[in-house]
Amino acid sequence: MLENIRKDVERLVAAYEAEKKLRTSLEDELRHCKDEIEAYRKQIAELDRQTDNLKLRNAFLDASGDSDVARKRIESLIKDIDKCISLMEK
């Protein structure tokens with residue numbers, strides 16, 4: 001009888017160790033997936049920003065046909081926006 005209890009305890013300890021190892025592995029995988037998701041979110045945000053910039057650039061290029069003129073117009077608009085923001089802060 002004592003031997004049976006000892007075997008049961010050994011099986012429980014082995015099952016516990018296996019589950020503990022599995023839990024640790026799953027936690028590591030979850031952490032890795034969360035890091036990967038965050039990296040993809042940053043990449044998506046950067047690609048969205050680039051897409052918006054290209055759309056804006058193409059809108060100006062369609063109007064003028066010259067990239068230097070478009071760049072100057074964009075810089076001028078940015079300066080105007082900066083001036084407006086500084087006036088709003090006062």
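Guide: Let us begin with accessibility: a residue is buried under 20% relative accessible area, exposed over 50%, and partly exposed in between, with a 1.4 Å probe and protein chains only. The model is a predicted one, in which local features need pLDDT of at least 70 and side-chain atom pairs count only at pLDDT 80 or more, while totals for chains, interfaces and linings use all residues. Residues are numbered from 1 along each chain as its sequence is written, and side-chain values use heavy atoms, with hydrogens and water left out.

Visitor: Why is Arg31 called partly exposed?

Guide: Arg31 has a relative accessibility of 48%.

Visitor: What makes Asp28 and Arg31 a salt bridge?

Guide: A salt bridge requires a side-chain nitrogen of Lys or Arg within 4 Å of a carboxyl oxygen of Asp or Glu. The closest N and O atoms of Asp28 and Arg31 are 2.9 Å apart, so the pair forms a salt bridge. Asp28 is itself partly exposed, at 40%.

Visitor: How many salt bridges does this rule give?

Guide: The count is four. Among them is the pair Asp8 and Arg11, with the closest N and O atoms 2.0 Å apart. Another is Glu27 with Arg23, at 3.3 Å. Side chains of opposite charge can pair when their charged atoms come close.

Visitor: Why are Glu27 and Arg23 separated by about one helical turn?

Guide: Glu27 and Arg23 are four residues apart in helix H1, which means a separation of about one helical turn. A helix here is a DSSP run of H or I with at least four residues, a strand is a run of E with at least two, and both are numbered from the N terminus. Asp8 and Arg11 also lie in helix H1, three residues apart, again about one turn.

Visitor: Is Arg11 buried or exposed?

Guide: Arg11 is exposed, because its relative accessible area is 56%. Its partner in the salt bridge, Asp8, is partly exposed at 36%.

Visitor: What makes the nonpolar patch on the surface?

Guide: Patches are made of residues with over 30% relative accessible area and no salt bridge; like charges are joined within 9 Å, and nonpolar side chains (Val, Leu, Ile, Met, Phe, Trp, Tyr) within 5 Å. Met1, Leu2, Ile5, Val9 and Val13 form this patch, with about 540 Å² of accessible area together. Areas come from the Shrake-Rupley method with a 1.4 Å probe, and for residues only the protein chains shown count as cover. Ile5, in helix H1 (residues 2–64), has a relative accessible area of 44%.

Visitor: How do you know how many disulfides there are?

Guide: A disulfide is a pair of cysteine sulfur atoms within 2.5 Å, and a search of the whole structure finds zero. Cys33 is partly exposed at 31%, as is Cys84 at 44%.

Visitor: What makes the chain more spread out than a compact globule?

Guide: The chain has two helices and zero strands. Its radius of gyration is 30 Å, well over the 12 Å that the globule rule gives for 90 residues, so the chain is more spread out than a compact globule. That radius is taken over C-alpha atoms, and the rule is 2.2 Å times the number of residues to the power 0.38. The C-alpha trace spans about 95 × 35 × 10 Å along its principal axes, and buried residues make up 4% of the 90 residues.
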